[in-house]
Amino acid sequence: MANNRVLVVGGGLAGLSATMKLAELGVAVDLISLTPVKRSHSVCAQGGINSVNDQTRQQGDSEWNHFDDTIYGGDFLQNQPPVKEMAYWAPKVIDLMDRLGVTFNRTPEGYIDRRRFGGTLYKRTAFAGATTGQQLLYALDEQVRRWEVEGLVKKYEFWDFLGPILDDNGRCVGAVAQDMVSMEIRSFAADAVVVATGGCGLLYGRSTMSVFCTGSAASRCFQAGAKYGNGEFIQVHPTAIPGADKLRLMSESARGEGGRVWVPRKPNDTRPPKQIPTSDRFFFLEERFPKYGNLVPRDIATREIFNICVNEGLSVDPTRMCVYLDLTHIPRHELDRKLGGILEIYEKFQGVDPREEPMKIFPAVHYSMGGLWVDYEANGEGGLLPGSPRNQSTNVPGLYAIGECDYQYHGANRLGANSLLSCIFSGLFVGPGIVNWMKSNKAAADLPKSIFERALGEHTARHKKLLSNASGDGENPYLLHQELGDIMTRTATVVRYNNQLTDAYEKVSAMVERSQRCSLADTGNWTNQNVIFTKSLQDMIPIAQCILKGALMRDESRGAHFKPDFCMPNLQATDPTERRHEAEKWCDAFEVNTSKFLKSSVCSWKGQEPDLVFEDIDTRLMKPRPRLYGLVGGEVIEEVWKQRSRSKEETAPSKPAAAKQLAGSV
Amino acid sequence: MIAPGPELNPARRPSKINVRVLRQDGPGTPPYWERHQVDYEPDMNVISVLQKIAAQATTYDGKKVSPVAWDCGCLEEVCGSCTMVINGRVRQSCSALVDRLFEDNPEEILLEPMTKFPVVRDLKIDRSRLFHSLKRVQAWVPVDSYFDMGAGPRIPREDQEQNYPLSQCMSCGCCLEACPQFNKVELIRHVGESDEAFDARKNQAYESEFIGPHAISQAMLFNAHPVGKNLKKERLETLTSTGGIQACGNAQNCVAVCPKEIPLTTSIARAGRAATLHSIKKLFDR
């Protein structure tokens, strides 16, 4: 592997785990990041990382159950082999992070402590206080620093990835990037490029994401020919602290450790929260979802909180929408030990001690389930074939995507504490496949220089053209960004309507051209943050179009994508026979909808707008079943559905293994 | 932790915020003050003030200027990006809330870059030295491989509770700015000097200077880990050589300014004892 080099873009959990694994395999890595990698957005992850463990195993849990929860929580929108592989690797991932020195919370006996997270009934989540992402990131950062000293990794921090370089056959052979200090634009030859650049929350203006999460790197790959999948699935986290510059996350772990969400039963109750007796408090999640309580999956908790404030008029603050997230019944020392980090954030930014007063929270854009389309190769057991160059590969040969910027693991809704897992897993797993990919291809460094010079020329021209838009009457990039964020937040978050989406799509599409007319306040060529931002804004727009187009064309409700005009109703009938009849019809409708929309939306870029096709999902291991959290009449529907599945199983004995799993998991 | 102050009296809330920024166009150019004014909104922090300044790109007296350059990231005080000197005090700009700053000085907000690191432009500084120090103390656990070898060693809860605060260090540099023994090292690139040559020259200069409290604390963190301590000797060797623990003047400023309240002086005291033992042992092992 003497002459092979891999370029990794992004130094969060995914990028760093890929880098250290590749280095271990003897591959030299160039690592490009917008920021010193230790400051990547993974630091903001709070709650924890999931895996089956010795304790849950003895309570009936298994890797299969983790897989099942992830698929069911994601409303079956994932290709199943990668998700299965991830669930089966999860205990190994946590063991590795443990060996790397992550300061996981411990039980009195010294084992890794676990807590419960949303969408599961088991305590699978390992955590390091309430700064788990930070702690995991630091462990990987330290290992990569070790390889840097060894000479196998070269970091390019404060560099902006401008786009992949493709040869005449469409193979990715490197990338162009720009030094954000000196503004030098340079081409990098690479035998594979791994994009690990996270989510795209910034195109919503304010979200829980860091300022780096513009989605522009993924967009640059998309515009160069990579496909983008399931863009419309944007997770809106139920609990965040509203702020002028950012919506700060309040981790699900607050509820995992016993936090309760409530509002006063009486609208506009002016009493301070502590003076409202329990009988006057409406614990709406606990009442409506007795099985999961405050830990229903995120899309559901978000809609309920949104509903309580918007439609039921029960917001706890007359000036803005919010509900109480209450921890005050939990002993102070317990809170400090397990949730210290997030309580400090609330205290610092709100000036109120959440150990004494219930927090005021509201949903906020949080995570991109969708992302760059990636391939996989399944093995005989329905997991992944290790070492296959197809795993995590985009449709552009040699261009890989991992972590939040791929679309693969979380379907229509991500479960809490599964993102850190998917990032580290995909980062570790991609390495051996890339090594095999490089064995069968000519080294990029030996290709004609002209390929790289051409790409460099194109990006240099784009840069110069923008700088020549001197201060004048063009668009102000910061104000255009605000406008984009407002449109996206209004139309493509919790509740979606086709007329609004159509309107938004037109307005955002007009921004393709408007963003080209941005005039810059800084036309210099030294640490010009103005031009870097403007480029990322221009590249946010194609991804915004994918999100809106996917949302518009998906006439159903699934996970985070909710359209009141297209959703499966509660059962109305009270008479058992009628109710049963209604459930039969419900299941018929479910089957029709499944055959129509249990598909990934996959976009390709056509110069001005994306082209969208629906692609089948690989459900080889587990047949789709209705997702019934809290649905009125759910138990009748479940009964009908089980009977149908059983009769299908009897008439189709050709797939015994899958059918057995199905019966066991319903 | 910043103690929650009283609610700002609405009568004292101004409609405008005056900001003075110490700007610098690039390395080696003279710094200059520039006045800006932005509209007041509730719940603002210094980041949202700087965002408004960037969008306006016009000074208080109407002069068109380029936006002020600065670093930021998470905006919730866990990434360490946005350190600067605000009203004379080093801190994160995301957690510097405008209403609180007004309690001290309602007239204006003063923003300056950190003084112990070379200015890249305006409020953006070059903190690569801080990360280089982490290499000097080999702040990592030297595991054999990343293959599946089962769980790590069992760790008593007490040890975790001691180590977790140290591992929250976000490399923001506040402790270094406040430390009287930590002096600025700024080199100017020679004409025609390659990246590699310039980096090598910088690293050499860094290594003759104080390593800093953050790195000493990280050395203690990894020396306390059952596998991390395999490099204990090497770390103590660094801490007892040039720019090591003996350079610490015990001013205790570091612990006072750390936004994460990391017990840096406790780490330094532990490092001091370990370094003494290490030196004595070396004397006898000779």
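Leaving aside neighbours within four places in sequence, which residues is A:Val195 in contact with? I looked up A:Val9, A:Gly10, A:Ala217, A:Ala218, A:Cys221, A:Leu372, A:Leu399, A:Tyr400, A:Ala401 and A:Cys405. Contact here is C-beta atoms, placed from the backbone, within 7 Å.

I noted that this is a predicted model, where local features need pLDDT of at least 70, side-chain atom pairs count only at pLDDT 80 or more, and totals for chains, interfaces and linings use all residues. Residues are numbered from 1 along each chain as its sequence is written, with chains lettered from A and ligands numbered from 1 in the order in which they are written.

Core. I found A:Val195 again among the residues with the most contacts inside the largest nonpolar core, which has 267 residues; A:Val9, A:Val193, A:Val194 and A:Leu372 are also listed there. A core joins buried Ala, Val, Leu, Ile, Met, Phe, Trp, Tyr and Cys residues through C-beta atoms within 7 Å, buried being 20 or more other C-beta atoms within 10 Å of the residue's own. A second, separate core has 7 residues, including A:Trp586 and A:Ile637.

I traced β8(A) (172-179) and β9(A) (185-189), which pair antiparallel over 5 bridges; pairing needs at least two DSSP bridges, and strands are DSSP E runs of at least two residues. A:Ala175 has A:Phe188 as its bridge partner. Between the strands lie 5 residues, and A:Met183 takes a positive phi near 70 degrees.

Chain contact. I read 62 residues from chain A and 59 from chain B.

Key:
Contact = placed C-beta atoms within 7 Å. Buried ≥ 20, exposed ≤ 12 C-beta atoms within 10 Å, placed from the backbone. Helix = DSSP H or I, 4+ residues; strand = E, 2+ residues; numbered from the N terminus.
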